[in-house]
Amino acid sequence: VTILIAINDWDPQPWRERLRALLPDRAIVTPETIVDRSAVDYALSWRHGPGAFAGLPNLKAIFSLGAGVDHLFHDSELPDVPLVRMVDTDLRDRMSEWVVLHSLLHHRQQRMYDWQQDQQIWDEDVEQPAAAEIRVGVLGLGVLGADAARKLALIGFDVAGWSRTRRDHDGIACFHGEDGLDAMLARTDILVALLPLTPQTRGMLNSSLFAKLARDSRLGGPILLNAGRGGLQVEADILAALEGGVLKAASLDVFEVEPLPEASPLWRHPRVTISPHNAAISTPDTILRAIVDQIAAHERGEPLRHVVDRKRGY
Ligand SMILES: NC(=O)c1ccc[n+]([C@@H]2O[C@H](COP(=O)([O-])OP(=O)(O)OC[C@H]3O[C@@H](n4cnc5c(N)ncnc54)[C@H](OP(=O)(O)O)[C@@H]3O)[C@@H](O)[C@H]2O)c1
């Protein structure tokens with residue numbers, strides 16, 4: 001078994017080293033070191049260069065090293081083999097931590113208390129609604145969205161979720177499809193985006209969607225949390241909505257252009273909280289162990305799990 005690993009925008013060294021340590025008997029090659037293209041059985045990608053996987057006649061599958069697979073579709077020469085996305089409990093739990101952290105950050109008004117501390121202001125009289133009075137709406141009820149929704153509900157938030165097809169989760173008000181979206185937005189104070197980036201979802205976090213959020217939030221206005229993909233959001237619309245009072249605040253982990261350009265007004269906006277696309281990053285060891293297990297199972301004749309539906313785009 002020969003494995004081709006192609007990584008751009010991350011340091012490839014720890015990934016290659018870890019993979020070699022996990023599979024000492026296998027040949028591990030990179031697009032630069034590959035000699036015999038017919039020997040390659042599996043390819044691992046994080047934003048591989050277009051064409052890197054073309055002309056591999058015995059390729060059996062391509063594994064994405066991250067949960068999102070939108071990066072794979074930038075390659076117009078992507079071979080017609082199963083695409084496998086990353087599903088992992090460590091990644092899932094880290095994402096839920098980010099969602100819970102930022103929901104509570106806004107709910108408990110921590111940015112304001114940071115400011116008060118800076119100014120040495122002691123003010124006990126700020127209104128503090130209960131979690132049950134705050135309606136959270138999660139866009140995407142997949143592996144990540146469903147877990148985050150469940151954990152938010154455990155804290156006591158009034159949680160709803162939205163998916164493409166109908167889903168049912170205990171304790172979560174579940175909406176689906178286009179009609180379901182408007183109904184969920186109308187009862188949402190904190191909107192959490194955990195959708196994949198597809199032609200259908202690109203740019204959907206825009207002015208028209210923000211205008212549909214509940215106007216009677218106990219937090220003084222709707223709040224946006226996006227840890228899905230930067231392509232989901234229209235940053236000019238987020239800034240306009242913050243200025244116009246359509247949004248009260250935002251926590252963003254992902255951006256239209258990453259790293260976020262120095263000139264972006266989001267950096268210094270007082271009501272925007274930024275993290276550098278690391279809401280849920282996992283170690284090479286965790287991710288590669290999951291992939292190595294899948295390859296071993298596949299070699300034993302078992303079907304691949306978490307295969308992407310190319311038509312849906314996720
Ligand atoms: N910031 C980070 O560090 C980070 C880390 C990991 C992942 N992510 C992002 O998180 C995304 C979600 O991951 P996941 O593992 O939860 O994916 P998933 O299990 O595939 O779930 C995707 C969810 O989105 C819903 N959906 C997709 N297209 C839709 C549409 N057009 N309308 C309505 N709902 C739609 C799906 O609906 P159905 O249930 O009906 O299929 C599903 O509920 C990834 O694609 C990635 O972009 C970000």
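G66 counts as buried at 10% relative accessibility, where buried means under 20% relative accessible area, exposed over 50% and partly exposed in between, with a 1.4 Å probe and protein chains only. This is a predicted model, in which local features need pLDDT of at least 70 and side-chain atom pairs count only at pLDDT 80 or more, while totals for chains, interfaces and linings use all residues. Residues are numbered from 1 along each chain as its sequence is written, and side-chain values use heavy atoms, with hydrogens and water left out.

**Setting of G66**
- G66 sits in the loop that runs between strand 4 (61-64) and strand 5 (83-84), strands being DSSP runs of E with at least two residues, numbered from the N terminus.
- Apart from neighbours within four places in sequence, G66 is in contact (heavy atoms within 4.5 Å) with W46 and M86.

**Ligand surroundings**
- The ligand is surrounded by 28 residues (a heavy atom within 4 Å), of which L144, T165, R167, D253 and Y314 are the closest.
- A polar side-chain atom of R167 lies 2.7 Å from an oxygen atom of the ligand, and a polar backbone atom of V143 is 2.9 Å from a ligand oxygen atom.
- For L141, a backbone N or O atom lies 2.9 Å from an oxygen atom of the ligand.

Notes. A polar contact is a pair of N or O atoms within 3.5 Å; within protein, one must be able to donate a hydrogen and the other to accept it, and residues adjacent in sequence count only if both atoms are side-chain atoms. Helices (H or I, at least four residues) and strands (E, at least two) are DSSP runs, numbered from the N terminus.
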